[in-house]
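Here is a quick tour for anyone opening this structure for the first time. Have a look at it, and then we'll go through a few spots together.

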Amino acid sequence: MLGLLLRIQKKSSSLFGSAVSFMLKMAQGCFQHFISFTLLLLCSKPGLGSGCVEKERQALLDFKQGLVDDFGILSSWGNEEDRRDCCKWRGVQCSNRTSHVIMLDLHALPTDTVHKYQSLRGRISSSLLELQHLNHLDLSLNDFQGSYVPEFIGLFSKLRYLNLSEAHLAGMIPSHLGNLSNLHFLDLSRNYGMSSETLEWLSRLSSLRHLDLSGLNLDKAIYWEHVINRLPSLTDLLLHDSALPQIITPSALSYTNSSKSLVVLDLSWNFLSSSVYPWLFNLSSSLVHLDLSINQIQGLIPDTFGEMVSLEYLDLFFNQLEGEIPQSLTSTSLVHLDLSVNHLHGSIPDTFGHMTSLSYLDLSLNQLEGGIPKSFKNLCSLQMVMLLSNSLTAQLPEFVQNSLSCSKDTLEVLVLSWNQFTGSFPDFTGFSVLGHLYIDHNRLNGTFPEHIGQLSHLSKLYWLDLSSNSLALELSPEWTPPFQVGYLGLLSCKMGPNFPGWLQTQKDLFSLDISNSSISDVIPSWFWNLTSKLIKLRIANNQIRGRVPSLRMETAAVIDLSSNRFEGPIPSLPSGVRVLSLSKNLFSGSISLLCTIVDGALSYLDLSDNLLSGALPDCWQQWRDQLQILNLANNNFSGKLPYSLGSLVALQTLHLYNNSFLGELPSSLMNCTKLRLIDMGKNRFSGEIPTWIGERLSDLVVLSLRSNEFHGSIPSDICLLKELQILDFSRNNISGTIPRCLNNFTAMAQKMIYSVIAHDYLALSIVPRGRNNLGITPRWAYSSGSFDTIARYVDSALIPWKGGEFEYKNILGLVRSIDLSSNKLSGEIPKEITKLMELISLNLSRNHLNGPIPSMIGQLKSLDVLDLSRNQLDGKIPSSLSQIDRLSVLDLSSNNLSGQIPSGTQLQGFEASSYMGNPELCGSPLKTKCQEDETAQTSPTSDGNEDDLQDDEFDPWFYVSIALGFLVGFWGVWGTLVLKSSWSEAYFRFLNKIKDWFF
């Protein structure tokens, strides 16, 4: 029995062991399967091993293949082992959970050059379509070279952020973008080749919050405002410079679904009219930022602007607003207010003092007058105050100390230029952050000593302009200013006679103007070291002496040393100079160094009135598209004009007067089709007058070829110059007849409203990157000349006038003159010339003209000078000539005119010399009497001898009878008064009453 039990136990143990063994084996198998399954799951997760989804990585590499990467932006993208994880590539972001690419941000970063970026170039590859989990795409500021926006972008259903701004894209905006229903942010701005004929696709973007289509052409997108009304979540709308169509009449608008969420609205630079108001004011409850600048909004400023309680930013710059500034502009929330460049008049409202949050105020370029309201002292947050170019009157010291006292600690910019502020230079003690101070072109006076401390606390000052006042800067050469200015304007401030030594402390100067400052000194050597950073240098109209060394001004764009006493050769010049004026000095020698200005930026070159000589260099083609003004007058240049001069296709003014140029005019000049003034007088040019002048130079206003050696006839093509106002071919060897088509000079038959002949030229396109307190380019910079980006050139010309030679500039546009004198012209004066009703001067003297003076010459009512002397004109002087009441100079001498000078105060008022040399001419003011006058004095029944005899006999008795009559009359009255006392008393009582009545 015991054995049986032992066997059962043994068997049970064996079975148990087998069971345990089986269970262990089963557990091991299950664990192995579990591990294998787990590993399988892990291995199947996206991105394991490479860090991102392989097909997305490959898609990005394909995208890279279509780009040119000049700056190594995508250098981290590659197939190498250490660069395989695309989630670590520059501009790529992946999901932490799925490793899918969710963000691609490759917006270009700026370079050290303004408006230049580290841009990728090429095209947007369709391989990006693999990035189906993308919710953020930014390719802005790159260069896609005018390619279209790919339609496949509309398939990124998860996209919330899309920025393709300033990416050089073109074509129509694809309507497929309307499929991006999750989009919150859309910026396609500043792709100036892109357009859209409708914005209906936007209405499907119900989640859109930010929309910027600035710079796109939307001129056909009518009813754009209806689409905006259907975007309920929109907070930011920017449509700057989008050529928006005018909003339809308010009666046709439906505001039922209007968006009330708009916070920022920019409709600037669209030339919208006042019809925008009803739609705009329906949105006004939520608006914080409103920009309507550079439009065509007319009329008064609506009071509704003052009722926008949330409004912080209001910009109405450059419209056509008129009337007074409304008293309703009193919002305490308003921070930025710009009403500049309108037609506003009246005074600044006293209610401005209620805008206690105001930090930016610009009322420049209006017609405001009167003083500054005392309520300004309540504005304690002012940072920028710009009142440029009005007619404001105030004592400047009082305005600064009282009205601006509360903003001493905040005021950074103060612009009061071109007003009528008076008084001395104010004390700016306490204005610790003032960096921009413009008080030029006012009526300030007095001295400017440093010891009273007006500038001692302005350590932040960087822009200072005191020009065109009556200030005298009596500053010690050892004075050390507390500031380092970059822009310094001291035009017409008295600083001389010594050169201001304190300038050498200013190491940050980029713009300096000390013109007309009474300096008569040798310029110190340290000054030229100071100029190395200068962009603009003006020291004109002084008496500064010495030689100019090589100008090492790396960024110089404007150099004006004119009207001084500099001598020696033209110095080496900066290669990028745009404006160069060295006129009215004593510079001598060749100008071949001009060819070192190789940057091609030169737009203004004036070397006139020097001692320069030699032939012109043949390198003008390097300024082909830029040079607009060229003045080489009054020098000793010689030789033929170089052919390359004709490559200056932008040239508008060409002065070569009073040199020794010779030869024919190069035919290449016909390419200078923008020329408005040509003055080549007093040279030795020869050949015939080219026909291409009339055929190609249709914009000419002034054409002077006088005092040369031109021969041949006047080409009839010259009559094609309809804009011509001054024509001078005098003192040449021109023969033939005067063209009968002169009446085609329509500008000589029309009244002109402009007294000057002027045009704009590019003077400076560089905005300095130096220390600028606000980091902005102020809008008023154009008007005040701070950057001189665009400058105006006023033409002048030397015109023979009334026996002299005068320079006309400020009234040149009013002169209408034809001078063909001192040639060999023959034939009659064409009657068509009398159609030039506004002609002021006509000189045809010293020719071989014959025939009568045109009978209708009296139609030239504006004529002031008429010289037809020394010709062979015959016939009578037309009676209509006496109708020209403005005539002040008349010379008809040395002709074959006959008959009586027409009666009339005007013609008889001239000296007899005006008519001398015409043997058969008679009448006043000549002593020669006309036969008709003598006949009228003779008796009808007696011959001449009897008349003479009777006159001789009559004269003595005539005078005897006069004497007898006087004696009888005198004693008949006075003798009676003497003899009869009662009559005498009555007579003298009468005289006394008369005296009392008068006195």
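Which strands do the buried residues of helix 2 pack against? They pack against strand 1 (67-69), strand 2 (92-94) and strand 3 (101-105), with contact meaning heavy atoms within 4.5 Å.

Before going on, know that this is a predicted model, where local features need pLDDT of at least 70, side-chain atom pairs count only at pLDDT 80 or more, and totals for chains, interfaces and linings use all residues. Residues are numbered from 1 along each chain as its sequence is written, and side-chain values use heavy atoms, leaving out hydrogens and water. Helices (H or I, at least four residues) and strands (E, at least two) are DSSP runs, numbered from the N terminus.

**Helix 2**
- Helix 2 covers residues 54-65, so 12 residues by the DSSP runs.
- From first C-alpha to last, helix 2 reaches 17 Å, close to the 16 Å expected at 1.5 Å a residue (the expected span is 1.5 Å times one less than the number of residues).
- Glu56, Arg57, Ala59, Leu60, Leu61 and Phe63 are its buried residues (buried is under 20% relative accessible area, exposed over 50%, partly exposed in between, with a 1.4 Å probe and protein chains only).

- In helix 5 (residues 396-403), Leu396, Phe399, Val400 and Ser403 are buried.
- These residues sit on the same side of helix 5 because they cover an arc of only 110 degrees around the axis, going by the directions from the helix axis to the C-beta atoms.

- Strand 26 and strand 28 run parallel and are joined by three bridges.
- Asn445 stands opposite Ser470 in strand 28.

- Most residues other than glycine have a negative phi, and most peptide bonds are trans.
- Gly496 and Pro497 are joined by a cis peptide bond, with omega about 10 degrees.
- Pro497 is in the loop between strand 29 (487-489) and strand 30 (511-513).
- His168 is not a glycine, yet has a positive phi of about 55 degrees.
- His168 is partly exposed, at 47% relative accessible area.

How values were computed:
Two strands pair if DSSP finds at least two bridges between them.
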